[in-house]
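The structure comes first, followed by the account of it.

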Amino acid sequence: MVSSLENILTEQDLWISIAQMLLVTGPLFGFIFGAICFYRKKAAFFNQLVVSALGCMMLGRIYELVFWLTAGNLPEGFDLSVLGDVGCFLFLLSASFGQMDGLVDGREKKDVKYRLIPLAAPALILAAGVFLYLHKNDISVIFSDLIIFAVTMVSSYYNLKHLIFPDVDFGILKSIRGYNALTLGGTLSFVLLCVGEEIGNLTLFGIGALLTGLWAFAVIPVLKGGSRKWTL
Amino acid sequence: MDSLMWNLFICIALPMALSLFLMKGRARVVVASLVVGMFMCMFAGAVNGLIRKAIGASRIFEITTIYTPMTEEIAKAIPVFLFAVTISDEKERIVPMAMAVGIGFAIIENAYILISEMGSWGPLSALARVFGASLMHGVCTSVVGLGMSLIYKRRKLFVTGTLALLTVAMTYHGIFNALVQSSYSHIGLHLPIFTFVPILILVEVQYRKQAREKAAAENENRAKEAAENEKKVQVEG
């Protein structure tokens, strides 16, 4: 996926190298920290799914690193690091949709607007996908991005929904609004990274990588702070 | 798929299948899962052969690090999924079954690789290869099985969760395959040991702790019951 990873050792702007380093170290830190905090018997399953998401992204980055070290380059288009990223957003989706959504959304008619407004997030990602398709005009090249975009569209919908949805009993939702805002930002920055990479715009790619790396660093501490209130 | 693989399958799987009639309970499930794993290896081998034909045998590194992890993990997950749907989704039953499917898969794969590359494997490197690959296949499938046991009852999680777990197994498998075929093969062969042995030890410790706590709670209950019975006897007396 992030084929420009191989540029770490070549000449380029320092800040892009730092962004790429963050993209590799962020999920690693997030996964290890999250595993220590949440891979326990009594920890919330929601938190464990978020940690697994970071673990999946970490595996994707390790795969890229290993492939680059062993083959000397990264394959064009689809490779298994894409599955690492897809798995990451599937875990985030499992947490938001599978674990949380049933608790917060009682399917009442009065909440219809809270179900419609969040469509803005997937619409934004869809627009990015259409832009990419028009720019590249080759479905085989952007195939892997389209898989990621499809999953991120659904995942970002639930993040935005839980960000604006009225709170339910015990403040379950209110306490993780920070997590949802951060994850929505992380998802959009990852989409930015994909677009930047495919159109060969290093600045876009660098900003996307920097923000995604920072998201991976920050998400577990923010989630930990929020979910602590569940037990109070 | 060449005849060597079929011959290996017949030589190993058939006697094991025959021995199923002598077994009962958990042993029968485990051995049957080993045989199923071997069969799924044949299936994955056939699919991989088609992929090799389509892409070109010269791109073998790309095939084995991108496509075969996907086909193999899907092939191993199919029997685990069917077991969860038709027989049991309990963690205690599904995890050993999934592990056995993975190990069965590794038996045929290892035998095929070691025999077809007869001269290039010494006893120690063969031992490392067999141990590393068996552990990798076994635990990757167990992870999928463990996940299925956790998410099967939560319908909303099932599709996304199962796919997510498959991506974990595939990516890890891809890392292993890439390392094993490179000059870092020693790291690749030891990777499953360094990754999974600590986890297995932790899980075992946790199981034992739980078993101890359960036994202590049972003893306490028994002691309470005995004390109550004694009181009753005294009152009646």
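Helices (H or I, at least four residues) and strands (E, at least two) are DSSP runs, numbered from the N terminus.

## Basis

This is a predicted model, in which local features need pLDDT of at least 70, side-chain atom pairs count only at pLDDT 80 or more, and totals for chains, interfaces and linings use all residues. Residues are numbered from 1 along each chain as its sequence is written, chains are lettered from A and ligands numbered from 1 in the order in which they are written, and side-chain values use heavy atoms, with hydrogens and water left out.

## Around B:L191

B:L191 sits in helix α7 (residues 185–236) of chain B. Setting aside residues up to four places away in sequence, B:L191 touches B:Y172, B:I175, B:F176 and B:L179; contact means heavy atoms within 4.5 Å.

## Interface of chains A and B

In the interface, 27 residues of chain B are in contact with 29 residues of chain A. The two chains bury about 2300 Å² between them, 79% of it on carbon and sulfur atoms. Buried area is the accessible area (1.4 Å probe) that two parts lose on being put together, summed over both.

On the chain B side that touches chain A, α3 (60–86), α5 (123–151) and α6 (155–180) each supply at least two residues. α6(B) gives the most, with 16 residues. By type, this side divides into 17 nonpolar, 8 polar and 2 charged residues. Here Ala, Val, Leu, Ile, Met, Phe, Trp, Tyr, Cys and Pro count as nonpolar, Asp, Glu, Lys and Arg as charged, and the others, Gly among them, as polar.

## Salt bridges

A salt bridge is a side-chain nitrogen of Lys or Arg within 4 Å of a carboxyl oxygen of Asp or Glu. Between chain B and chain A the count is 0, while over all chains the count comes to 13.

One salt bridge joins the side chains of A:R115 and A:D105 (2.9 Å, N to O). A:R115 lies in helix α4 (residues 112–116) of chain A and A:D105 in the loop between α3 (80–104) and α4 of chain A, so the pair ties together parts that are 10 residues apart in sequence.
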